[in-house]
Amino acid sequence: MNRLRIGLIGPGAIGETHARAIRALDDTVLSAIAGGTPEQVAACSNGEPVPTFATAGAMLADAAIDAVVVCTPSGAHHDAALAAIEFGRHVLVEKPLCVDPAEAASLVRAAERSQLTCGVVSQRRLEPQHQAIKNLLDAGRLGQARLIETAIHWYRADAYYAEKPWRSEAEHGGGSLLNQGVHNLDLMLWLFGTVESVQGTTATLGHAHVVEDTTAALLSFASGTLGVIVTSTALPPGRPAMLRLFTDRGSCELANDHIIRWDFPCVAAPSSAAGVGSAASDPKAIGIEGHIAQWRDFARAVRERRPTASSFRDGFEAARVADAIYRSATEGRTVRPSEVAPEVNHAG
């Protein structure tokens, strides 16, 4: 099969990560770039003669591409992704799918009507230890789920927010929950299922901007189990992302990609990922291995006409739970995600 030709919208820092991941695979090729400064375009094209376009619309109209990756600031994901679908291109969107759950629902409907391959970046699902734990849970080998906890105890200096002003703007998803914590929130939903209600509290503890830099929330799952998520960029020097899972048979604890405790006596501990860096104090330290895995899955999904590892519907669920947590913090009450945005009916 010919290589999947990719058009990149938004050649900033995460756009460069995608460009490197696309080049690392034999079955994908970076075929167009839209937007950005000359320096950003040069960093993404890496000396190769990649056609460039001033706008996403011009690229979608004129470029020879099969698929698009959306790497704009989070608040601008919807319009770029919807335009790509309307032009008949497969779409991969950087996390989160959208800041506004209503916009995320709009993309779910458009994607499912189109029958194109559409996914959101949630590369932590593809790490071998998370894949193994998911399979063991689904098979019942870890017992009945009871509690899941996750914590992002990270640090971002003021210079991080000054470099990209959208990182401190709520409308672009600049808070610690949506910008830094959404990967672990996605893992909680993937492993434990639908959230029925949330109770959240937010604060800005270590920075001068308005958007929260610390969130703590209790999640009540439809299954009756509970979850706790804490996210912060105000805790120097920063620790690896933590995930703890408890069942009626045992528990396990992960520090970023390493299983540091495994207390299921009759089940061997899975292997951990190799080479996945921690963004505890530096977002550039995550490396590109996760994005390579995401692109490998996406390219195969297009070729095999199957869903991606993380669909737009998954992105919608994460967006509306995050929004429910923020709403709970603002209104001081328990909030059901279904209040924020109703279930998206299948487009048929």
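Let me start at glycine 193, which comes directly after helix α9 and has a positive phi, near 95 degrees; helices here are DSSP runs of H or I with at least four residues, strands are runs of E with at least two, and both are numbered from the N terminus. Please keep in mind that this is a predicted model, in which local features need pLDDT of at least 70 and side-chain atom pairs count only at pLDDT 80 or more, while totals for chains, interfaces and linings use all residues. Residues are numbered from 1 along each chain as its sequence is written, and side-chain values use heavy atoms, with hydrogens and water left out.

Now to helix α9 itself. Eleven of the eleven residues of α9 are buried, so this helix is largely enclosed by the rest of the structure; buried means under 20% relative accessible area, exposed means over 50%, and partly exposed is in between, with a 1.4 Å probe and protein chains only. Among the buried residues of α9 are His183, Asn184, Asp186 and Trp190.

Which helix packs against α9 at an angle of about 110 degrees? That is helix α11, residues 312–331, and its axis is 10 Å from the axis of α9, residues 182–192. The axes are lines fitted to C-alpha atoms, for helices over the stretch in contact, and the angles run from 0 to 180 degrees between N-to-C directions. The two helices, α9 and α11, are therefore roughly perpendicular to each other, where under 35 degrees counts as roughly parallel, over 145 as roughly antiparallel, 65 to 115 as roughly perpendicular and the rest as oblique. On the α9 side the residues that meet α11 are Val182, Leu185 and Leu189, and on the α11 side they are Glu317, Ala318, Val321 and Ala322, with contact meaning heavy atoms within 4.5 Å. The residues of this contact divide into six nonpolar, no polar and one charged; Ala, Val, Leu, Ile, Met, Phe, Trp, Tyr, Cys and Pro count as nonpolar, Asp, Glu, Lys and Arg as charged, and the others, Gly among them, as polar.

Seven of the ten residues of α4, residues 77–86, are buried, so α4 is largely enclosed by the rest of the structure, and the buried residues include His77, His78 and Leu82. Just after α4 comes glycine 88, with a positive phi of about 80 degrees.

Most residues other than glycine have a negative phi, and most peptide bonds are trans. Against that background, asparagine 256 has a positive phi of about 55 degrees although it is not a glycine; asparagine 256 lies in the loop between β12 and β13 and counts as buried, at 9% relative accessibility. Arginine 305 also has a positive phi, near 55 degrees, and sits in the loop between α10 and α11. Is arginine 305 buried or exposed? With a relative accessible area of 79%, arginine 305 is exposed.

There are cis peptide bonds to look at as well. One runs from lysine 95 to proline 96, with omega near -15 degrees, and proline 96 lies in the loop between β5 and α5. Another joins proline 236 and proline 237, with omega about 0 degrees, and proline 237 is in the loop between β10 and β11.

Asparagine 179 lies in helix α8, residues 176–180, and is buried, at 9% relative accessibility. Leaving aside neighbours within four places in sequence, asparagine 179 is in contact with residues including Lys95, Tyr160 and Trp166. Arginine 156 lies over the face of tyrosine 160, at 5.4 Å from the ring centre; a charge sits over a ring if NZ of Lys or CZ of Arg is within 6 Å of the ring centre and within 35 degrees of the ring normal.

Finally, the rings. A search of the whole structure finds four aromatic pairs. One of them, tryptophan 295 with phenylalanine 298, is edge-to-face, at 5.5 Å centre to centre and 80 degrees between the planes; rings of Phe, Tyr and Trp (its six-membered ring) pair if their centres lie within 6.5 Å, and planes under 30 degrees apart count as stacked, over 60 as edge-to-face and the rest as tilted. Both residues of this pair, tryptophan 295 and phenylalanine 298, lie in helix α10, three residues apart, about one turn of the helix, and both are buried.
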